[in-house]
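Trainee: I would like to go through the labels used for this structure and check each one against its definition. Where do we start?

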Amino acid sequence: MKKLIVLGLAILMILSGCFSTPAREVTNICTLLDEKVSWYQAVKKSEEKWGAPMHLQLAIIYQESRFASNAKPPRNKIFGIIPGTRPTTSFGFTQAKKATWEWYQLKTGNKSAKRDNFADAVDFVGWYINQSLLRSKISKTNAYRQYLAYHEGHGGYNNKTYEKKAWLIDVAKNVEKKSNTYKTQLSQCRTELDKNRVWTLF
């Protein structure tokens, strides 16, 4: 009986589409970037290119995927048990939908960009933060409002759709807290990360 239960759970896990890259619980961003040299290189490049603070980019990615490259939204459940279709086309580090990603590719000319590539992901987030300044007049240092626009889209944000979503307000506040935490941590290690990084092609 136990074997059947275990087998059943294993099948459900496969059908539900678990992350192929494990999600990370990151308490100190310095530790992660020290381990992932190319990630530090990529997010710094995006910061310089788009003027989007590194700590905010990383906080958004943490919220969206916990740094899992192949993250997908959970499947809908049929009869509350059987995994069905996924609710959106969101995928990858940024959980960008397919249409939004294609918009990014078109506008930036980065047609080969992939949602499960970290360098492309942070470039997308940096670009989106810049778009939020241009389209919704949101400061690039305002993590709370930047995340609301990231989640709702610029049209939704401008129409204040978030005002009817108390849960989203709470999430945006958490992103702001995470961004502030990462900012403090990075202030203590960026010099060391710059000193120790190994510049590699990615």
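Mentor: With phenylalanine 124, which touches Thr94, Ala96, Thr100, Trp101, Tyr104 and Tyr150, leaving out residues up to four places away in sequence. The model is predicted, so local features need pLDDT of at least 70 and side-chain atom pairs count only at pLDDT 80 or more, while totals for chains, interfaces and linings use all residues. Residues are numbered from 1 along each chain as its sequence is written, and side-chain values use heavy atoms, with hydrogens and water left out.

Trainee: What makes a pair of residues a contact?

Mentor: Contact means heavy atoms within 4.5 Å. Phenylalanine 124 meets that with Tyr104 and Tyr150, among others.

Trainee: Which elements does the protein have?

Mentor: Eight helices and two strands, in the order α-α-α-α-β-β-α-α-α-α from the N terminus. Helices are DSSP runs of H or I with at least four residues, strands are runs of E with at least two, and both are numbered from the N terminus.

Trainee: Why are α5 and α6 called roughly perpendicular?

Mentor: Their packing angle is about 85°, and their axes are 11 Å apart. Angles of 65 to 115 degrees count as roughly perpendicular, those under 35 as roughly parallel, those over 145 as roughly antiparallel, and the rest as oblique. α5 and α6 are therefore roughly perpendicular to each other. The axes are lines fitted to C-alpha atoms, for helices over the stretch in contact, and angles run from 0 to 180 degrees between N-to-C directions.

Trainee: Which residues make the contact of α5 with α6?

Mentor: From α5 come Thr100, Trp101, Trp103, Tyr104, Lys107 and Thr108. The α6 side includes Asp123, Phe124 and Trp127. By class, this contact has seven nonpolar, three polar and four charged residues. Ala, Val, Leu, Ile, Met, Phe, Trp, Tyr, Cys and Pro count as nonpolar, Asp, Glu, Lys and Arg as charged, and the others, Gly among them, as polar.

Trainee: What makes a crossing left-handed or right-handed?

Mentor: A crossing is left-handed if the near helix is turned anticlockwise from the far one by less than a right angle, and right-handed if clockwise. The crossing of α4 and α7 is right-handed. These two helices, residues 54-65 and 143-158, also pack at about 45°, with axes 11 Å apart. α4 and α7 are therefore oblique to each other. Their contact is made by Leu56, Ile60, Gln63 and Glu64 of α4 and Ala143, Gln146, Tyr147 and Tyr150 of α7.

Trainee: Is aspartate 123 buried or exposed, and how do you know?

Mentor: Buried means under 20% relative accessible area, exposed over 50%, and partly exposed in between, using a 1.4 Å probe and protein chains only. Aspartate 123 has 10%, so it is buried. It lies in helix α6 and, leaving aside neighbours within four places in sequence, is in contact with Ser46, Lys49, Trp50, Tyr104 and Asn110.

Trainee: Is glutamate 48 buried or exposed?

Mentor: Glutamate 48, in helix α3, has a relative accessible area of 60% and is therefore exposed.

Trainee: What is the phi of phenylalanine 67?

Mentor: It is near 65°, a positive value in a residue other than glycine. Phenylalanine 67 sits in the loop between α4 and β1, and its relative accessibility is 0%, so it counts as buried. Lysine 137, in the loop between α6 and α7, also has a positive phi, about 60°. Lysine 137 has 68% relative accessibility, so it counts as exposed.

Trainee: What makes a set of residues a nonpolar core?

Mentor: The set consists of buried Ala, Val, Leu, Ile, Met, Phe, Trp, Tyr and Cys residues joined through side-chain atoms within 4.5 Å. Of the 51 residues in the largest such core, Ile29, Leu33, Leu58, Phe67, Phe118 and Phe124 touch the most other members.
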